[in-house]
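Here is a brief report on charged side-chain pairs. The structure comes first, then the pairs one by one.

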Amino acid sequence: MAVAKVPPLRARAHSVGDALVAHLEQLIALGELSPGDRLPAERELAESLSVSRTSLREALHQLETKHLIERRQGRGTIVLAPPTQVDDLYAALADVTEADRELANVAELRTVIEPKIAELAALRATSADLLQMDDILHATDENLLAAKSLELDVQFHLTLARASHNPLLTALTTTVSSWTTPVRKDSHSTPEGRRASLAGHQAIRDAVEAREPAAAAQAMIAHLAEIDQLIRRTRQDDVASADQH
């Protein structure tokens, strides 16, 4: 089995352990480290990341508790595939008919599940989870291209779902994101929409850091409601503009 190449760790103003967990988890989430990949030996990996072996072991332990990697004597550290139940959920959702994917229904689904995800994240998020949210927020700006702003929007909600530490909710969020992308494009088409998205995400993140589940859920409800109104206004403006021509 080939040993995976792990990109270097960027300098951060956070604890080394948190930075390591965030870095490695992000590589796994983005597919740069794939299921079945074997990580370099501890000594080699610690040297390549410029960290101590103690910090590395602590980070690997956190990833192991999240079932993202497996460490076995004589085999090394292996990146795990998603749990079987996650694959089953993807398969079940793929069978949903097009009629059931009506955008209004999906928007309603987001309102049902995402406040609960925010609530669980406020109870369970680690420092590394918060660090990943911060990275996304720092990269977000109202002057971004709409496509990049949408990409960061999706990343934030997926990171929040992972912070719930429930792989089924992460799988569900991934699928719902793919369904809602055509609608969410509209909310990122204007600077106003991009500002609203960033402000909503920041409020959610702050409530998660404060360990306030009710506040996190309420911040998500307010965020989704504001985005829904923005999308409706954008579509009405588009219709009015088309009628004028």
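In this predicted model, R233 and E192 form a salt bridge, with N and O 3.0 Å apart. R233 lies in helix 10 (residues 213-244) and E192 in helix 9 (residues 191-209), so the bridge ties together parts that are 41 residues apart in sequence. R233 is partly exposed, at 38% relative accessible area. E192 is partly exposed too, at 41%.

Next comes a pair within one helix. E114 and R110 meet in a salt bridge at 2.5 Å, N to O. Both sit in helix 5 (residues 103-124), 4 residues apart, or about one helical turn. E114 has a relative accessibility of 6% and counts as buried. R110 is buried as well, at 8%.

E25 is buried, at 3% relative accessibility. K66 is buried at 17%, which means its value falls under the 20% cut-off.

| Salt bridge | N to O distance |
|---|---|
| R233 and E192 | 3.0 Å |
| E114 and R110 | 2.5 Å |

The model's count comes to 18 salt bridges.

How values were computed
Residues numbered from 1 in each chain as written. Predicted model: local features only at pLDDT ≥ 70, side-chain atom pairs only at ≥ 80, totals over all residues. Heavy atoms only, no water. Salt bridge = Lys/Arg side-chain N within 4 Å of Asp/Glu carboxyl O. Buried < 20%, exposed > 50% of the residue type's maximum accessible area, 1.4 Å probe, protein only. Helix = DSSP H or I, 4+ residues; strand = E, 2+ residues; numbered from the N terminus.
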